[in-house]
Amino acid sequence: MSVWSGIAAAGVAIALAFVAVGQPLWEWQMDGSQQRETWTYSPFSAHQQVYNKTQNKSTSRFYSYDQLASAQPKMSAALAEFGTVFVLGLLAGFAGMVLAVLSASKKLRGIFAGIAFVAACAALLYVGFAIVFSMPGAAGSDLPRIGSNPTPFYGTVGNGSQLLSTFPQVGWILVLGAALAFAWASSDIWHIVPSRKLVPKKMEVTIKRIPSVTNPPPPPALAPAAPEPVIEEVFVIGSNSLLVKHMSRSLMSDKDRDVVGSMISAISSFVREAFTERDGEVHEVTLGDHRFVMCSDRGIVLAVLVSSGDTEDIVHRLRHLLAILDDRYGDRLATWQGEALEGIEDELQVLWQPYHLPPPPVA
């Protein structure tokens, strides 16, 4: 079973209920030697037909239950109650249909549509069985009867010269059928739940902190030779964790863009947690075979993707470049909302140019 079968069942129930509006529910007939009188009761009106057997003439008249209240108070009261509850059940069915359509689009739990259909089913079952118990007693009070015999809901009573017949009509059967169709619709829809958005799998991140260097390293001539770091990608991330600028050493294929996109997402979600202690800290983040070196200043993060080489040589470049970006762009980076920053590509391009530390100051 699916939500669509439930919607179809509800549509059948509503159609049956509308057909029942124009059909008779119950009929009472008194057949005598000179005339035959028949009362047919529908959900919202009553029809009287009198056939004169001696004159072979038939007369008929329709009544609303307000008009019939004085002549047949109990019958009109019973059928007025039927009409009121019947309309409420039909409205509940319409509400359930709307909720079922929302459930089909996975925006709403099916339990709400199921409850509405159950309410419609209960209302129609109530009026369907209520007339079984109320109509015979009301007819026995408001209409002629034969002797002391009670008026049955379905059957005949006679005394030789007169015959009283009562029987349910097609409208009563349609009301019960609509109630069962609403019950079927409820059973198919109540368990539907809204679809949940898929949450991307969280990437595992390993962090290695690089201690802050208070003194500049010795001149290159005195330091042992180390492989020059190769910077593949550069990312500038604002204090609101939005990616301000991304530059690459070479053109990327679509596959590479997807890989870098997942890296950007991982870095952006990690930035706020990584830099919570103080500005100026440097982190090296390893994502599989990729290494990121990140440095923060006043909430602005500069991150580079390194494919080879010694990452410690990049620390001074990042701090120097962050100072330049802060001096040139200042608060524009702190409150960046997508506007263009002229000249930022030229500032980031220096990371691919040779870099030499200035000699230490002479004491």
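In the predicted model, a salt bridge joins the side chains of K53 and D31, with an N to O distance of 2.7 Å. The two residues come from distant parts of the chain, 22 residues apart. D31 belongs to strand 1 (residues 26-31), whereas K53 sits in the loop between strand 3 (46-52) and strand 4 (57-63). K53 has a relative accessible area of 32% and is therefore partly exposed. This pair is one of four salt bridges in the structure.

A further salt bridge is formed by the side chains of R328 and E347, at 2.9 Å from N to O. Because R328 is located in helix 6 (residues 312-329) and E347 in helix 8 (residues 344-349), the contact ties together parts 19 residues apart in sequence. The accessibility of the two partners was computed separately. R328 is partly exposed, at 43% relative accessibility. E347, with a relative accessible area of 18%, falls under the 20% limit and so counts as buried.

The side chains of E342 and R332 also meet in a salt bridge, with an N to O distance of 3.4 Å. R332 lies in helix 7 (331-334) and E342 in the loop between helix 7 and helix 8, so the pair connects parts that are 10 residues apart in sequence. E342 is partly exposed, with a relative accessibility of 48%. R332 is likewise partly exposed, at 32%.

Notes:
Residues are numbered from 1 along each chain as its sequence is written. This is a predicted model: local features need pLDDT of at least 70, side-chain atom pairs count only at pLDDT 80 or more; totals for chains, interfaces and linings use all residues. Side-chain values use heavy atoms; hydrogens and water are left out. Helices (H or I, at least four residues) and strands (E, at least two) are DSSP runs, numbered from the N terminus. Buried means under 20% relative accessible area, exposed over 50%, partly exposed in between (1.4 Å probe, protein chains only).
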